[in-house]
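Reader: I would like to learn how to read salt bridges, helix faces and surface patches from a model. Please take them in turn.

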Amino acid sequence: MQDNAIAPTPAPLLARLAAMIYESLLVTAVLFVASFIIIPVVGEMHAAWQRHLFQVYIVGVLFAYFSAFWLRSGQTLAMKTWRIRLVDQHGGRISFKQALLRFFIALLGLLLAGIGFWWALVDRDRQFLHDRIAGTRLVRMPRKA
């Protein structure tokens with residue numbers, strides 16, 4: 001980030017939640033398409049190994065979706081709509097390691113009744129738990145003039 005640039009402000013919690021709702025619609029569409037690709041390959045999924053393979057595939061598709069956007073521009077389509085950007089602690093792009101850590105901690109927090117997201121209600125900076133652990137933060141981007 002440049003010295004003469006205005007430091008971005010943290011993204012408000014309500015804007016982050018609205019972006020998450022929008023993101024869930026987009027991710028649903030991505031997963032439908034991904035499922036149509038793999039189901040003919042794997043088959044009817046009667047065996048446990050087929051279900052496990054499908055689950056690993058879906059997690060891989062989700063990671064590819066999110067990490068591609070986060071690493072390239074720091075914003076998914078939903079984040080662009082709500083003017084939210086994912087940055088590291090210095091305001092720059094996140095690393096692959098941070099994307100990986102953020103994704104899997106968020107997934108774990110989601111599977112544990114959303115604890116990683118509820119964390120924002122008690123965090124001093126209103127950060128999600130996965131952002132706190134991965135060393136990332138969500139900031140609000142200024143409106144374009």
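Reader: Which residues are linked in a network of salt bridges?

Author: A salt bridge is a side-chain nitrogen of Lys or Arg within 4 Å of a carboxyl oxygen of Asp or Glu. Here Asp123, Arg124, Asp125 and Arg132 are linked in such a network. This is a predicted model, in which local features need pLDDT of at least 70 and side-chain atom pairs count only at pLDDT 80 or more, while totals for chains, interfaces and linings use all residues. Residues are numbered from 1 along each chain as its sequence is written, and side-chain values use heavy atoms, with hydrogens and water left out.

Reader: How far apart are the closest N and O atoms of Arg132 and Asp123, and of Asp125 and Arg124?

Author: For Arg132 and Asp123 the distance is 2.6 Å. For Asp125 and Arg124 it is 3.9 Å.

Reader: Is Asp123 buried or exposed?

Author: The classes rest on relative accessible area: buried is under 20%, exposed is over 50%, and partly exposed lies in between (1.4 Å probe, protein chains only). Asp123 is buried at 6%.

Reader: How many salt bridges does a search of the whole structure find?

Author: The search finds 4. One of them joins Arg102 and Asp131, with the closest N and O atoms 2.5 Å apart. Arg102 is in helix H4 and Asp131 in helix H6, so this pair ties together parts that are 29 residues apart in sequence. Both residues are buried.

Reader: What span should helix H4 have?

Author: Helices (H or I, at least four residues) and strands (E, at least two) are DSSP runs, numbered from the N terminus. The expected span of a helix is 1.5 Å times one less than its number of residues. H4 has 16 residues, 96-111, and should therefore span 22 Å; its end C-alpha atoms are 23 Å apart, which agrees.

Reader: Which residues of H4 are buried?

Author: They are Gln98, Ala99, Arg102, Phe103, Ala106 and Gly109. Down the axis of H4 the buried residues fall within an arc of 135°, so they line one face of the helix. On the other side, Lys97 and Leu111 are exposed.

Reader: What covers the buried residues of H4?

Author: A contact means heavy atoms within 4.5 Å. The cover includes helix H2 (48-72), strand E2 (84-88), helix H5 (115-118), helix H6 (129-134) and strand E3 (136-140). After H4 comes Ala113, with a positive phi near 60°.

Reader: Which residues form a nonpolar patch on the surface?

Author: A patch is made of residues with over 30% relative accessible area and no salt bridge; like charges are joined within 9 Å, and nonpolar side chains (Val, Leu, Ile, Met, Phe, Trp, Tyr) within 5 Å. Leu108, Leu112, Ile115, Trp118, Trp119, Leu121 and Val122 form this one, with about 750 Å² of accessible area together. Such areas come from the Shrake-Rupley method with a 1.4 Å probe; for residues, only the protein chains shown count as cover. Leu108 is found in helix H4 and is partly exposed at 47%.

Reader: What pattern does the protein chain follow along the sequence?

Author: The pattern is β-α-α-α-β-α-α-α-β, with 6 helices and 3 strands.

Note on methods:
The arc is that of the directions from the helix axis to the C-beta atoms.
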